[in-house]
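I opened this entry to keep track of what I looked up, in the order I looked it up. My interest was in how the chains meet and what lies behind the contact.

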Protein chains: 2
Amino acid sequence: MAKRSLPLSKVYTLLEPGPVVLLTTVHKGRANVMAMSWHTMLEFEPPLVGCVVSNRDFSFAALKATKECVINIPTVELAEQVVGCGNTSGAEVDKFARFGLTAKPARQVGAPLIAECYANLECRVVDTRMVNAYCFFVLELVQAWRDAAVKNPRTLHHEGRGNFFAAGERFRIKSRMK
Amino acid sequence: MAKRSLPLSKVYTLLEPGPVVLLTTVHKGRANVMAMSWHTMLEFEPPLVGCVVSNRDFSFAALKATKECVINIPTVELAEQVVGCGNTSGAEVDKFARFGLTAKPARQVGAPLIAECYANLECRVVDTRMVNAYCFFVLELVQAWRDAAVKNPRTLHHEGRGNFFAAGERFRIKSRMK
């Protein structure tokens, strides 16, 4: 695994297609992971992401208190671990140990990077005005890492109840869109 | 095309995987379409969606004024039309005519359904508090339609600059997650 820093201006290309991600936090010395599909880009530069972390999730308190997290992007090889993370609570389980995920130190935030994910996006919470209404946090991406060896990541996309598809055939259409 | 009403409780299964959608509006007698990838589910029931419609988009004024729209979900067969919609402005072009898209009346909103899309979600704007900060609209999905003949929709997922992938291999992992 040789991850390189990815320019922040390119981070939207990883999130815009809607992959399931693993959100890591650390709070009171305890790291946690949750599976998350409810996220969207909000701005290109500085890259802003909005995401829903339910107040029923153990990660909610950590995110609210520390205002830091990492968005880790898994591929299909990690599908079982993703579902495992979604079906367990950090209140009861050390998910890194249980699912064989490797925590690595981030550069700018306290939350860990998951080594097995092909991309890791270090984030700070910059707006909590929509947390009460929708558990919706606005994150600024402050540092991004990507495994350059993974050319066409087969990201996971969740259709509910454990039904997924993988990123399939890729193609390009001439476009002026960003 | 035989579209059936889809229970609102199931709508999240269509949007959670992150497809590019076509957002339709109508304003002052003029219908318009825009391509949109920046959206996320916010709540299961009633289904709420948050989405970014830039104030540089022609649709912005229509959405703000009418507070109604339809989220239409295309599949790969419509990729050229999606890019066409993304590269033109409704201020200059009748995109329905230009790209051969068929507008059908919705049941609960003024904005039209796009017949060629396999699913159509009628929406009302219910929260504009984040429009000034992020051009972020909160929509309630009030009526949903799905073509029952399309079993495994090959939705489009945008990686920026006209690079797409289609929904690929589908699989299920036993899960307690919704």
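**Entry 1**

I began with one charged pair: A:Glu169 forms a salt bridge with B:Arg154, and the closest N and O atoms are 3.0 Å apart. I note that this is a predicted model.

Where do A:Glu169 and B:Arg154 lie? I found A:Glu169 in strand β12 of chain A and B:Arg154 in the loop between β10 and β11 of chain B, so the pair joins two chains. B:Arg154 is partly exposed, with a relative accessible area of 34%.

B:Glu169 and A:Arg154 meet through their side chains in a salt bridge, 3.0 Å from N to O. B:Glu169 sits in strand β12 of chain B, and A:Arg154 in the loop between β10 and β11 of chain A, so this pair also joins two chains. For B:Glu169 I noted a relative accessible area of 49%, which is partly exposed. A:Arg154 is partly exposed too, at 34%.

Another salt bridge on my list is that of A:Arg170 with B:Glu159, whose closest N and O atoms are 2.9 Å apart. A:Arg170 belongs to strand β12 of chain A and B:Glu159 to the loop between β11 and β12 of chain B, so two chains are joined here as well. Is B:Glu159 buried or exposed? B:Glu159 counts as buried because its relative accessibility is 18% and the limit for buried is under 20%. A:Arg170 is partly exposed, with a relative accessible area of 23%.

I checked the totals next. Chain B and chain A have 4 salt bridges between them, and the count over all chains comes to 6.

**Entry 2: the interface as a whole**

How many residues of chain B are in contact with chain A? I have 53 residues of chain B in contact with 53 residues of chain A. The area buried between the two chains is about 5,200 Å², and carbon and sulfur atoms give 57% of that area.

I also looked up polar contacts, and 30 residue pairs between chain B and chain A are listed, both residues being at pLDDT 80 or more. Elements of chain B that give two or more residues to the side touching chain A include α1 (12–15), α3 (79–87), β10 (136–147) and β12 (163–172). The largest share of that side comes from β12(B), with 10 residues. By residue class, the side of chain B that touches chain A divides into 24 nonpolar, 15 polar and 14 charged.

Strand β12 (residues 163–172) of chain A is joined to β12(B) by 7 bridges, and the two strands run antiparallel. In this pairing A:Phe164 stands opposite B:Phe171.

**Entry 3: helix α3 of chain A**

Which residues of α3(A) (residues 79–87) are buried? My list has A:Ala79, A:Val82, A:Val83, A:Gly84, A:Cys85 and A:Asn87. The buried residues of α3(A) pack against β2, β3, α4, β11 and β12 of chain A, together with β12 of chain B.

**Entry 4: strands in chain A**

β2(A) is joined to β3(A) by 7 bridges in the antiparallel sense. There the bridge partner of A:Thr25 is A:Asn32. The hairpin of β2(A) and β3(A) has 2 residues between the strands, and A:Lys28 takes a positive phi near 50 degrees in it.

β2(A) is also joined to β6(A), by 3 antiparallel bridges. A:Leu22 has A:Asn72 as its bridge partner in β6(A). Strand β6 (residues 68–73) of chain A in turn pairs with β9(A) over 6 bridges, again antiparallel. A:Ile71 stands opposite A:Leu121 of β9(A).

Why did I note β9(A) (residues 119–127) as largely enclosed by the rest of the structure? The reason is that 7 of the 9 residues of β9(A) are buried. I traced β9(A) on to β10 (residues 136–147) of chain A, with which β9(A) pairs in the antiparallel sense over 8 bridges. In that pairing A:Ala119 stands opposite A:Arg146 of β10(A).

How values were computed
Residues are numbered from 1 along each chain as its sequence is written. Chains are lettered from A and ligands numbered from 1 in the order in which they are written. This is a predicted model: local features need pLDDT of at least 70, side-chain atom pairs count only at pLDDT 80 or more; totals for chains, interfaces and linings use all residues. Side-chain values use heavy atoms; hydrogens and water are left out. Contact means heavy atoms within 4.5 Å. Buried area is the accessible area (1.4 Å probe) that two parts lose on being put together, summed over both. A polar contact is a pair of N or O atoms within 3.5 Å; within protein, one must be able to donate a hydrogen and the other to accept it, and residues adjacent in sequence count only if both atoms are side-chain atoms. Helices (H or I, at least four residues) and strands (E, at least two) are DSSP runs, numbered from the N terminus. Ala, Val, Leu, Ile, Met, Phe, Trp, Tyr, Cys and Pro count as nonpolar, Asp, Glu, Lys and Arg as charged, and the others, Gly among them, as polar. Two strands pair if DSSP finds at least two bridges between them. Buried means under 20% relative accessible area, exposed over 50%, partly exposed in between (1.4 Å probe, protein chains only).
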